[in-house]
Amino acid sequence: MPLLPILRFPDPRLKTVAAPVEKIDDSIRRLARDMAETMYEAPGIGLAATQVDVHLRVIVIDSSETRDQLLVLINPELEASEGVQVCEEGCLSVPGIFDKVERAQRVVVRYLDVQGKRQTVAAEGLLAVCLQHEMDHLEGRVFVEHLSQLKQTRIKAKLAKQSRITA
Ligand code: NI
């Protein structure tokens, strides 16, 4: 299976709002498999379809230490959230950048699995952060957009410098 190229911030395609998946078929299951493989290979703990330039509401997450607890969420919706936590986040689309972001401590998310069955996940801590981070991607938001304008400007400059070095 091919590894998918990951868009890098501030690529304007990362601002695209993803459309709901209408029908969960083999092409969606293939997309989810390729995204999972890309996430594990990177390595990362979450990836949204937006980041691989597919603008459908699909995310994959594995925040386990054993890397064997894959969650594929199709059309995820936040059902409830409470509390506040601040966690240092990173993103495969913003390589080498980590910063603190305020999120809800606990969330409940409804979604469809790859068989099209309705599922609910209740999460706290790292998994809750990861769910919020990936669902942000589907709305066209990257975590650095939660930071100050000054920090965002610095991050863009740093990434531009990186891409000149690696190009
Ligand atoms: Ni991300």
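## A buried cysteine

C91 is buried, with a relative accessible area of 11%. Buried here stands for under 20% relative accessible area, exposed for over 50%, and partly exposed for values in between, using a 1.4 Å probe and protein chains only. C91 sits in the loop between β4 and β5 (99-103). Helices (H or I, at least four residues) and strands (E, at least two) are DSSP runs, numbered from the N terminus.

The model is predicted: local features need pLDDT of at least 70, side-chain atom pairs count only at pLDDT 80 or more, and totals for chains, interfaces and linings use all residues. Residues are numbered from 1 along each chain as its sequence is written, and side-chain values use heavy atoms, with hydrogens and water left out.

## The nickel site

Which residues are the protein donors of the nickel ion? They are C91 through SG, H133 through NE2 and H137 through NE2, lying 2.1 to 2.2 Å from the ion. A donor is an N, O or S atom within 2.8 Å of the metal (3.2 Å for Na, K and Ca); water is not among the atoms, so sites may look incomplete. Along the sequence, the spacing of the donor residues is C-x41-H-x3-H.

H133 and H137 both belong to helix α2 (residues 125-138), where they are 4 residues apart, about one turn of the helix. Both histidines are buried.

## Annotated positions

In an unreviewed UniProt entry, the annotation "binding site" covers C91, H133 and H137. These residues span 47 residues in sequence, yet no two of their C-alpha atoms are more than 10.3 Å apart, so they gather at one spot. C91, H133 and H137 are also included in the lining of the largest pocket.

The annotation "active site", also from an unreviewed UniProt entry, covers E134. This glutamate is found in helix α2. E134 is buried, with a relative accessible area of 3%. UniProt positions are given in the numbering used here, feature names are shortened, and annotations may be inferred rather than shown by experiment.

## The largest pocket

The largest pocket has a volume of about 330 Å³. Of its 22 lining residues, those closest to the centre are I45, E89, G90, C91 and H133. On a 1 Å grid over the protein atoms alone, a pocket is an open set of points with protein on both sides within 12 Å along at least five of seven lines, whereas a cavity is a set where a 1.4 Å probe fits but cannot get out; lining residues have an atom within 4 Å of a point. For the volume, grid points are joined across faces, edges and corners, and the space filled by probe spheres set on the points is taken.

Strand β4 (85-89) and helix α2 each supply at least two residues of the lining. The largest share, 6 residues, comes from α2. By type, the lining divides into 12 nonpolar, 7 polar and 3 charged residues. Here Ala, Val, Leu, Ile, Met, Phe, Trp, Tyr, Cys and Pro count as nonpolar, Asp, Glu, Lys and Arg as charged, and the others, Gly among them, as polar.

A disulfide is a covalent bond between the sulfur atoms of two cysteines. With the cut-off that the two sulfur atoms lie within 2.5 Å, the count comes to 0 disulfides. C130 is buried, with a relative accessible area of 4%.

## Strand residues

V58 has its place in strand β2 (residues 58-61) and is buried, with a relative accessible area of 0%. The C-alpha atoms of V58 and I74 are separated by 4.6 Å, although the two residues are 16 apart along the chain. Buried or exposed: which describes A122 in strand β7 (residues 118-124)? At 65% relative accessibility, A122 counts as exposed.

## Backbone details

A cis peptide bond joins F9 and P10, with omega about 0°; P10 lies in the segment before α1 (26-41). The peptide bond from A42 to P43 is cis, with omega near -10°, and P43 lies in the loop between α1 and β1 (46-48).

D53 is not a glycine, yet has a positive phi of about 65°. This residue lies in the loop between β1 and β2 and, at 33% relative accessibility, counts as partly exposed. N75, likewise not a glycine, has a positive phi of about 50°. N75 lies in strand β3 (residues 71-82) and counts as buried at 17% relative accessibility.
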